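User: Can you walk me through this model? I'd like to go through a few residues and then the overall picture.

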Amino acid sequence: MILNENDYKYVIEDFSNYYIGARLSYQELADAENTPGRLKDAVYRTFFKEIAPSATIGEHLLKLEDASVCHMAFSQLRIRIKVTALLQKQDKKGNLKEVYETKDYSLDEFLKQEEIKENPEQYLIQEICFKKRHLMMMHV
């Protein structure tokens, strides 16, 4: 997949959710003016202790371990992870077509996907999303 520099680098909110592009580095997330203060606090206090500020959210999710503090923070937020894959599918005539398929995983479902961890170049982690109320209940 060919991506531009700023593709999937955003912080967006709607009435009840936050959507964060997975190509944002944690430093860019902390510096973004749209990032909620409570999330910035969590980034500085929790994520910077375990991972470099230049690491992207998508890279970090691929390396995330069950026993880490970052896993606990993501679990408290109850994040959903949107992943896109380029697949070869046969049409009715038997011709192969390239089709993009997007799936939405919970954190636990995502960590069980060995195929994504083994072949990360075939998958694109687009974004994470979580509810505003889960951010308000998060212990920083």
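User: Where is R78?
Analyst: This is a predicted model. In it, R78 is found in the loop between α4 (69-77) and β3.

User: Is R78 buried or exposed?
Analyst: R78 is exposed, with a relative accessible area of 53%. The cut-off for exposed is over 50%.

User: What about phi of R78?
Analyst: Phi of R78 is near 55 degrees, which is positive although the residue is not glycine. Y8 is another non-glycine residue with a positive phi, of about 60 degrees.

User: Where does Y8 lie?
Analyst: Y8 lies in the segment before β1 (11-13). Its relative accessible area is 24%, so Y8 counts as partly exposed.

User: OK, on to β3. Which residues does it cover, and where is T84?
Analyst: Strand β3 covers residues 80-90, and T84 is found in it.

User: Is T84 buried or exposed?
Analyst: T84 is buried, at a relative accessible area of 4%. Its side chain makes a polar contact of 3.2 Å with the side chain of T102.

User: Switching to the helices. Which one holds H60?
Analyst: H60 lies in helix α3, residues 57-63.

User: How accessible is H60, and what does it touch?
Analyst: H60 has a relative accessible area of 4%, so it is buried. Not counting residues up to four places away in sequence, H60 touches Y26, F47, I51, C70 and F74.

User: And T56, where is that found?
Analyst: T56 is in the loop between α2 and α3.

User: Buried or exposed?
Analyst: T56 is buried, with a relative accessible area of 18%. Buried means under 20%, so T56 falls within that class.

User: Which residues is T56 in contact with?
Analyst: Leaving aside neighbours within four places in sequence, T56 is in contact with A22, R23, L24, S25 and Y26. Y26 is also one of the residues that H60 touches.

User: What does the side chain of T56 do in polar terms?
Analyst: A polar atom of the T56 side chain lies 3.2 Å from the backbone nitrogen of E59.

User: How far is T56 from K93?
Analyst: The C-alpha atoms of T56 and K93 are separated by 41 Å, and the two residues are 37 apart along the chain.

User: Now A32. Where is it?
Analyst: A32 has its place in the loop between α1 (26-31) and α2 (37-50). It is partly exposed, with a relative accessible area of 21%.

User: Which residues does A32 contact beyond its sequence neighbours?
Analyst: With neighbours within four places in sequence left aside, A32 is in contact with V11 and K40. A32 and V11 are 21 residues apart in sequence, and their C-alpha atoms are 7.7 Å apart.

User: What about K112?
Analyst: K112 sits in the loop between α5 (107-111) and α6 (114-118). Its relative accessible area is 66%, so K112 is exposed.

User: How far apart are K112 and E13?
Analyst: They are 99 residues apart in sequence and 28 Å apart in space, C-alpha to C-alpha.

User: Let's step back. How many helices and strands does the protein have, and in what pattern?
Analyst: There are seven helices and five strands. Along the sequence the pattern is β-β-α-α-α-α-β-β-α-α-β-α.

User: How compact is that?
Analyst: The radius of gyration is 16 Å, close to the 14 Å that the globule rule gives for 140 residues, so the protein is as compact as a globular protein of that length.

User: And what does the C-alpha trace span?
Analyst: Along the principal axes, the C-alpha trace spans about 55 × 30 × 25 Å.

User: How much of the protein is buried, and how much surface does it expose?
Analyst: Of the 140 residues, 39% count as buried. The protein exposes about 8,600 Å², with carbon and sulfur atoms supplying 48% of that area.

User: What share of the contacts join residues at least 24 apart?
Analyst: Among contacts between residues at least 6 apart in sequence, that share is 61%.

User: Last one, charges. How many positive and negative side chains?
Analyst: The protein has 20 positive and 23 negative side chains. The centres of the two sets lie 6 Å apart.

Key
Residues are numbered from 1 along each chain as its sequence is written. This is a predicted model: local features need pLDDT of at least 70, side-chain atom pairs count only at pLDDT 80 or more; totals for chains, interfaces and linings use all residues. Side-chain values use heavy atoms; hydrogens and water are left out. Helices (H or I, at least four residues) and strands (E, at least two) are DSSP runs, numbered from the N terminus. The radius of gyration is taken over C-alpha atoms; the globule rule is 2.2 Å times the number of residues to the power 0.38. Buried means under 20% relative accessible area, exposed over 50%, partly exposed in between (1.4 Å probe, protein chains only). Contact means heavy atoms within 4.5 Å. Accessible areas come from the Shrake-Rupley method with a 1.4 Å probe; for residues, only the protein chains shown count as cover. Lys and Arg count as positive and Asp and Glu as negative; His and the chain ends are not counted. The place of a charge is taken as NZ of Lys, CZ of Arg, CG of Asp or CD of Glu. A polar contact is a pair of N or O atoms within 3.5 Å; within protein, one must be able to donate a hydrogen and the other to accept it, and residues adjacent in sequence count only if both atoms are side-chain atoms.
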